[in-house]
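Student: I would like to learn how to read a predicted fold feature by feature, with the general idea before each case. Could we begin with how strands are paired?

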Amino acid sequence: MDRRQFTMSLAGLLALPGLARAADPVFLGYTQEMLDQAYDQREWAANATQVIARYATDSAAVRKQFPPQTERYGPSEAETLDIFAPEGAKGLPVMVFIHGGAWRGLQKEDAAAPAPTFIQNGCLYVALNFANIPAATLPEMAAQCRRALLWLHANIARFGGDPGRIFVSGHSSGGHLSAVMLTTDWRALGGPQDLIKGGVVMSGMYELYPVLLSARSSYVKLTPADVVVLSPMRQLANLACPVMVVSGDKESPEFQRQATEFATVLAGMGKLANRFTLFGKNHFEVPEVLNTGATPVSQAVLAMMAAGRR
């Protein structure tokens, strides 16, 4: 079902009198089936398998050309990160990328493809690894990502990075986790509240309530308190930096709505750095715009990082 069919089906369904209980809307007019589809990006991208495979092959080529330094930031086997740095790096801004995969797939080895965009433009690039569901719960995943950011703040100078110029980005579930990092109370964890100087959230989810009404609740298990803490839209008081919001115009309607609403709120706070809606791009194609420094998104990201120079 494509977006046009989905919209027509939704509109037609809501116009029918005497709907059966099974077809009653569960959220914003969506029936359960439609909400499940709206949070399943494979329903909207026929080439999903091919694009995800491309993440791995493109990243493998980059890792061969620019071998990273792999470091452990936490106690578990999954808590590692890859640091890509230009030769002779010293005091350079740092971009940390949090991979997607619906909170249960992919790893740092699938997230190296954007590295040349950054290291060829005077920045460090860090591909973050962490445990996925079911090996870890979503709160545990967020805690691991926070440990990684604190570790980088304490240690990145040894690799040529500037701990005062750390930026974070992520795609899909990584877009959610990057937004969680941006809205974290870092002072409560012993770091400066402005630990992160800017963010790039791509095709993420910023309010978890509707997500957990969908079929994703079959594997994402959260308490009501977890939903509050891990919904960036509810933690914006902690945001201390500008944020870019990126999405594709071929994404599911819920991912488009989440991006638009998050960007609107950020703009009202004076924290929206840029809003990009990528023409002709589905959910899985969106992060590939970072694989070259020539795209408008990459240029805006590099400009944001350059603007933070001391």
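Tutor: Two strands pair if DSSP finds at least two bridges between them, and the elements themselves, helices (H or I, at least four residues) and strands (E, at least two), are DSSP runs numbered from the N terminus. In this structure, strand S7 (residues 243-248) and S8 pair in the parallel sense over six bridges, and Gly248 has Leu278 of S8 as its bridge partner. Please keep in mind that this is a predicted model, in which local features need pLDDT of at least 70 and side-chain atom pairs count only at pLDDT 80 or more, while totals for chains, interfaces and linings use all residues. Residues are numbered from 1 along each chain as its sequence is written, and side-chain values use heavy atoms, with hydrogens and water left out.

Student: In what order do the eight strands lie in the open sheet, and which are the edge strands?

Tutor: Strands of a sheet pair through backbone hydrogen bonds, either parallel or antiparallel. Here the order is S1-S2-S4-S3-S5-S6-S7-S8, with mixed pairing, and the edges are strand S1 (69-72) and strand S8 (272-278), each of which pairs on one side only.

Student: How many residues of S3 are buried, and with which strands does S3 pair?

Tutor: Buried means under 20% relative accessible area, exposed over 50%, and partly exposed in between, with a 1.4 Å probe and protein chains only. Seven of the seven residues of S3 are buried. S3 pairs in the parallel sense with S5 over six bridges and with S4, again in the parallel sense, over five bridges. On the S5 side, Val94 has Ile166 as its bridge partner and Val96 has Val168, whereas Phe97 stands opposite Ala127 in S4.

Student: Why can S5 be called largely enclosed by the rest of the structure, and what unit does S5 make with helix H6 and S6?

Tutor: Ten of the eleven residues of S5 are buried, so this strand is largely enclosed by the rest of the structure. Six bridges join S5 to S6, the two running parallel, and His171 stands opposite Met202 in S6. A crossover is right-handed if, with the strands pointing away from the viewer, the path from the first strand over the helix to the second runs clockwise; S5, helix H6 (residues 173-182) and S6 make a right-handed β-α-β unit.

Student: How many aromatic pairs does the structure hold?

Tutor: Rings of Phe, Tyr and Trp (its six-membered ring) pair if their centres lie within 6.5 Å, and planes under 30 degrees apart count as stacked, over 60 as edge-to-face and the rest as tilted. The structure holds seven such pairs. In one of them, the rings of Phe27 and Tyr209 have centres 6.2 Å apart and planes at 65 degrees, so the pair is edge-to-face. Phe27 lies in the loop between helix H1 (3-15) and helix H2 (32-38), and Tyr209 in the loop between S6 and H7, so the pair ties together parts that are 182 residues apart in sequence. Phe27 is buried, with a relative accessible area of 14%, whereas Tyr209 is partly exposed at 44%.

Student: What kind of aromatic pair do Phe84 and Tyr125 form?

Tutor: The pair of Phe84 and Tyr125 is tilted, at 5.9 Å centre to centre with 55 degrees between the planes. Phe84 lies in strand S2 (residues 80-84) and Tyr125 in strand S4, so their pairing ties together parts that are 41 residues apart in sequence. Both Phe84 and Tyr125 are buried, and ring pairs link Phe84, Phe97, Phe118 and Tyr125 into a cluster.

Student: Where is the cis peptide bond that involves Pro134?

Tutor: The bond from Ile133 to Pro134 is cis, with omega near 10 degrees, and Pro134 lies in the loop between strand S4 (124-128) and helix H5 (138-155).
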